[in-house]
Amino acid sequence: MSAYSPAQTAEQSGFSIDTLRYYEKIGLLPGIARNASGRRVFSDDDLRWLGMLRCLRETGMPIAEMLRYTELARGGTGTVAERLALLQDHDRRVEEQIARLREQQEHIQWKIRLYSGEVREGLPA
C-alpha cells in the first residue's frame, strides 16, 4: 500500500490541503494515519474515499449528509441498507437537477440561435 503526504494527496484528489484538514477535523476523513513525526500520511484507501467525497460534493450533497454517509460507511455491513437509501435519495435529487439544467440549457441554446440569426422571434418551446 502506498503512503502519500498531504501535498501529494491534495494534488491527486483535487482537494486543497486546507480542505483535507477540515474534512479530517469534522469527521469526513476519519482515522488518517500519522508518521513518526506526527505528520498525516494518506493511503490508497483514503484516496478512494476522497474520490467518493468529491463525487458527493460535486453533485451537491450537503456536508451533513456526507457526514451521515461517512458514519454509516464506518458502521460496516449492517448499515448497507441505510447507505443505499441515502444514496438513492441523493441520486433522485441529482436527476431532478440534471432535468432542470437541461431545460435551462435549451433556453440558452435558443438564445444562441437567436443571436446567431437562426431564429427571428418568439420564445423557446
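1. A quick definition to start: buried means under 20% relative accessible area, exposed means over 50%, and partly exposed lies in between, using a 1.4 Å probe and protein chains only. By that scale R92, at 47% relative accessibility, is partly exposed, and D89 is partly exposed too, at 37%.

2. Some ground rules: this is a predicted model, where local features need pLDDT of at least 70 and side-chain atom pairs count only at pLDDT 80 or more, while totals for chains, interfaces and linings use all residues. Residues are numbered from 1 along each chain as its sequence is written, and side-chain values use heavy atoms, leaving out hydrogens and water.

3. On to the charged pairs. With a salt bridge taken as a side-chain nitrogen of Lys or Arg within 4 Å of a carboxyl oxygen of Asp or Glu, the count comes to nine salt bridges. One of them links R34 to E24, with the closest N and O atoms 3.5 Å apart. R34 sits in strand β2 (residues 33–34) and E24 in helix α2 (residues 17–26), so this pair ties together parts 10 residues apart in sequence. Helices (H or I, at least four residues) and strands (E, at least two) are DSSP runs, numbered from the N terminus.

4. In helix α5 (residues 80–115), R92 and D89 are three residues apart, about one helical turn. Their side chains form a salt bridge at 2.3 Å, N to O.

5. Helix α3 (residues 44–58) holds D45 and R48, also three residues apart and separated by about one helical turn. Their salt bridge has an N to O distance of 2.2 Å. D45 is partly exposed at 41%, whereas R48 is exposed at 56%.
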